[in-house]
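Please examine the model shown below together with its sequence.

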Amino acid sequence: MKFILAASLLIATTSGAYVAPTTNYDRCLTPSEADDIATAISNGIDVDLFPDKVAPDQSSYWDMEYHGTYKILKNTQDTISTSYLLYQCGLSTMPFNDTELAQFDSVFPVPYEGGIVVTATTQIPNVEILGRRDQISALAITENLVSSPCLSQVLIPEGKENGSVTILPLYNDTAVEDYLAANPDSLILGGSWDSAPKMKNKVVISDIGESPQKAIDDGVDVNEAQAEWL
């Protein structure tokens with residue numbers, strides 16, 4: 001039995017050995033891993049880099065499709081209707097060409113290792129729960145509404161440069177776009193109120209009013225989803 005299990009996880013390829021992961025990668029692929037995966041795919045081997053999968057069992061307005069080396073996150077709210085290509089970080093080749101990429105509103109490698117721009121205070125706890133506070137690079141919210149003690153210590157209000165997180169003007173798409181131009185690897189977390197939901201590098205997270213207990217249940221569901229792309 002152990003031999004059969006080992007054989008199913010270790011698939012020989014011409015350049016090395018593709019090892020099927022038993023959990024999602026929490027890092028980018030190494031060059032040798034990427035080469036082995038590319039060789040396995042060219043040899044017709046089914047590759048699944050996302051064995052841990054999530055679905056909207058207790059929440060609304062989103063869906064996730066899995067396709068071996070990439071996944072597609074969709075915001076299904078009628079007024080938003082966006083889709084995002086999330087491909088495994090470190091792949092030697094993109095799963096789509098430039099023309100095909102145009103069908104997606106944003107394209108990101110995952111796990112995402114760049115800076116995160118937060119546009120609502122309700123987004124902060126989710127990012128912190130996932131252990132990604134250090135990736136928050138800018139806040140497009142009012143500084144005095146930030147209740148996270150750890151985050152408050154690293155803010156850079158206008159004209160003060162003693163922190164690592166920049167405060168951007170509230171509800172100012174031009175300021176966010178200017179920040180993105182200067183920091184092109186940033187990921188922007190938008191919301192259902194967003195006036196520019198299809199802005200480059202933005203992922204819109206929709207929310208709805210609900211009872212406290214349902215909010216807790218849905219929050220767990222959404223946290224699991226965000227763990228898939230943060």
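Tyr 66 counts as buried because its relative accessibility is 19%, where buried means under 20% relative accessible area, exposed over 50%, and partly exposed in between (1.4 Å probe, protein chains only). Phe 50 is likewise buried, with a relative accessible area of 2%. This is a predicted model, in which local features need pLDDT of at least 70 and side-chain atom pairs count only at pLDDT 80 or more, while totals for chains, interfaces and linings use all residues. Residues are numbered from 1 along each chain as its sequence is written, and side-chain values use heavy atoms, with hydrogens and water left out.

The structure holds four aromatic pairs; rings of Phe, Tyr and Trp (its six-membered ring) pair if their centres lie within 6.5 Å, and planes under 30 degrees apart count as stacked, over 60 as edge-to-face and the rest as tilted. One of these is the tilted pair of Phe 50 and Tyr 66, with 6.4 Å centre to centre and 55 degrees between the planes. The pair links distant parts of the chain, 16 residues apart: Phe 50 lies in the loop between α2 (31–42) and β3 (62–66), and Tyr 66 in strand β3. Helices (H or I, at least four residues) and strands (E, at least two) are DSSP runs, numbered from the N terminus. Another pair, Tyr 70 with Phe 96, is edge-to-face, at 5.0 Å centre to centre and 70 degrees between the planes. Here Tyr 70 belongs to strand β4 (residues 70–75) and Phe 96 to the loop between β5 and α3 (98–101), 26 residues apart. Both Tyr 70 and Phe 96 are buried, and together with Phe 104 they form one aromatic cluster.

Tyr 66 also has a charge over its face: Lys 53 lies there, at 5.2 Å from the ring centre. The criterion is that NZ of Lys or CZ of Arg is within 6 Å of the ring centre and within 35 degrees of the ring normal.

The largest nonpolar core has 45 residues, and Leu 49 and Leu 139 have the most contacts inside it. Such a core is a set of buried Ala, Val, Leu, Ile, Met, Phe, Trp, Tyr and Cys residues joined through side-chain atoms within 4.5 Å. Strand β5 (residues 82–88) supplies the largest share of this core, four residues. A second, separate core of 10 residues includes Val 117, Ala 140, Ala 196 and Met 199.

Strand β5 also contains Thr 82, which is buried at a relative accessible area of 3%. Beyond four places in sequence, Thr 82 touches Leu 73, Lys 74, Asn 75, Asp 105, Pro 197 and Lys 198, a contact being heavy atoms within 4.5 Å.

Lys 74, in strand β4, counts as partly exposed because its relative accessibility is 31%. The side chain of Lys 74 makes a polar contact with the side chain of Glu 65 (3.0 Å); this term denotes a pair of N or O atoms within 3.5 Å, where within protein one must be able to donate a hydrogen and the other to accept it, and residues adjacent in sequence count only if both atoms are side-chain atoms.

Finally, confidence is given by pLDDT, the predictor's confidence in each residue, from 0 to 100. The chain averages a pLDDT of 84, and 81% of the residues score at least 70. Mean confidence is lowest in helix α1 (residues 2–9), at 41, and highest in β4, at 96.
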